[in-house]
Each structure stands twice: as structure tokens, then as C-alpha cells.
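Hello,

Here is the structure I said I would pass on. My notes on it follow below.

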Amino acid sequence: MTWEKELFWKKAAEFHGHICPGLAIGFRACEAAAKKLSLEFSSDEEVVCITENDACGVDAIQVILGCTAGKGNLIFKDRGKQAFTFFRRDTNQGIRIVFKGFAENRSREENLQYILEAPLDEIFEYKEPKDKVPNMARIFRSLKCENCGERAAEHRIRILDGKFLCLDCYEDYSRGWGR
């Protein structure tokens with residue numbers, strides 16, 4: 001991918017709706033991933049991103065690299081960290097990109113400029129992925145909940161007293177274990 005910084009930044013900002021340091025983190029993470037793994041825009045599931053947050057930067061990943069929840073190549077593993085793992089399915093290569101953080105004495109605007117202009121190695125740590133390449137997305141049958149009547153993917157249905165129940169109607173019986 002030819003990294004067209006101004007064009008990609010404009011696309012990310014238009015998609016996200018405003019310009020902010022969080023969007024810049026995701027934008028630069030895309031740049032780093034594209035360079036490290038020679039990534040192209042993912043029209044299907046060629047590129048996978050496991051994001052460890054649900055913040056602004058995820059919008060940049062969607063628009064620049066084509067990773068989306070609907071295609072199944074954007075996986076949310078929310079840990080509250082500005083960390084993103086990218087995989088190339090064709091080579092099984094992956095990299096975890098972790099934002100190093102902001103300097104406490106800078107303004108929001110100064111942080112934005114810093115993220116957009118600093119060398120990638122200065123703002124990110126590069127690590128081995130914690131995860132393996134996720135399986136390709138699957139299509140599941142929909143089953144009707146016997147309580148509310150709404151349909152849910154079969155892998156999200158629970159059985160209680162012989163009845164198929166959606167997660168909203170199912171009352172978990174864990175007694176506090178497994179938390």
C-alpha cells in the first residue's frame with residue numbers, strides 16, 4: 001500500500017466526524033501496521049485487527065485497512081489499552097502495536113500534532129501478538145427464542161428446562177463462579 005498520509009487522514013476524519021488525538025493513534029497504528037506487514041485495504045478478511053479498546057482510533061482502522069465487525073475481521077477484545085494486533089492471513093504474520101502514551105505537560109492540540117508527526121518508533125512499541133490469527137467469520141443459523149420470539153444466532157442460544165432462550169431471556173446460573 002502506498003501510504004498516502006494526507007488522503008488517509010482526511011478519510012479517517014470524515015468517517016469519524018472530527019479530528020482528535022485518539023483518531024490519530026489509530027491512524028498512525030494503521031501506518032505502522034501497513035509498513036511492518038505490507039498491508040493493503042482488506043476487501044474481505046485478508047487483514048484482521050484485534051483491538052484492545054473501543055475508542056476513536058478504531059474508526060481509522062475501519063476506513064483505512066477495511067477491518068470491520070460486520071466482515072468479521074475487526075475483533076474487540078476490550079482491555080482499555082491503546083493496543084492493536086494486526087494479522088495478514090496469507091502469510092500468518094502478525095504484530096501487536098502498543099501506544100506508549102502522552103506526555104502529561106502537553107495540550108490536546110500538542111498531543112495531536114505529536115502523534116501525527118513523530119516517528120512511528122517513538123510513539124509505538126512493537127510486540128509479538130498475544131493471540132493467534134482468528135478463524136474466518138462463520139454464518140450461523142438463527143433460532144427463535146422460545147420466550148421473546150426473537151431470532152438469535154445459534155451459538156448465542158442457551159437451553160434452560162429444554163427451551164431455547166436468547167441471552168436476554170436466559171438467566172445465568174453461576175452463583176458467582178467464573179467471574
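Helix α3 (residues 57-65) is mostly covered, with seven of its nine residues buried; buried means under 20% relative accessible area, exposed means over 50%, and partly exposed lies in between (1.4 Å probe, protein chains only). Helices (H or I, at least four residues) and strands (E, at least two) are DSSP runs, numbered from the N terminus. In α3 the buried residues are Gly-57, Val-58, Asp-59, Ala-60, Ile-61, Ile-64 and Leu-65. They pack against α1 (5-16), α2, β1 (47-51), β2 (74-76) and β3 (83-88), where contact means heavy atoms within 4.5 Å. After α3 comes Gly-66, with a positive phi near 75°.

Before the rest, the basis: this is a predicted model, in which local features need pLDDT of at least 70 and side-chain atom pairs count only at pLDDT 80 or more, while totals for chains, interfaces and linings use all residues. Residues are numbered from 1 along each chain as its sequence is written, and side-chain values use heavy atoms, with hydrogens and water left out.

The sheet is open and has five strands in the order β2-β1-β3-β4-β5, with mixed pairing. Two strands pair if DSSP finds at least two bridges between them. β2 and β5 (124-127) are the edge strands, each pairing on one side only. On average, neighbouring strands are turned by 20° against each other, direction ignored. β1 and β2 pair in the parallel sense over three bridges, and Ile-50 has Ile-75 in β2 as its bridge partner.

Helices α2 (residues 21-37) and α4 (residues 108-117) pack at an angle of about 10°, their axes 9 Å apart. Axes are lines fitted to C-alpha atoms, for helices over the stretch in contact, and angles run from 0 to 180 degrees between N-to-C directions. The angle makes α2 roughly parallel to α4 (under 35 degrees; over 145 is roughly antiparallel, 65 to 115 roughly perpendicular, the rest oblique). From α2, Pro-21, Ala-24, Ile-25, Phe-27 and Arg-28 meet Arg-108, Leu-112, Ile-115, Leu-116 and Glu-117 of α4. By class, this contact has seven nonpolar, no polar and three charged residues.

Lastly, the cysteines. There are zero disulfides in the structure, a disulfide being a pair of cysteine sulfur atoms within 2.5 Å. Cys-67 is in none, and the nearest cysteine sulfur, that of Cys-49, is 5.5 Å away. Cys-67 is buried, at a relative accessible area of 0%. Cys-148 is partly exposed, at 35%; its sulfur is 3.8 Å from the closest cysteine sulfur, in Cys-145, which is too far for a bond.

Regards

Technical notes: Nonpolar A, V, L, I, M, F, W, Y, C, P; charged D, E, K, R; others polar.
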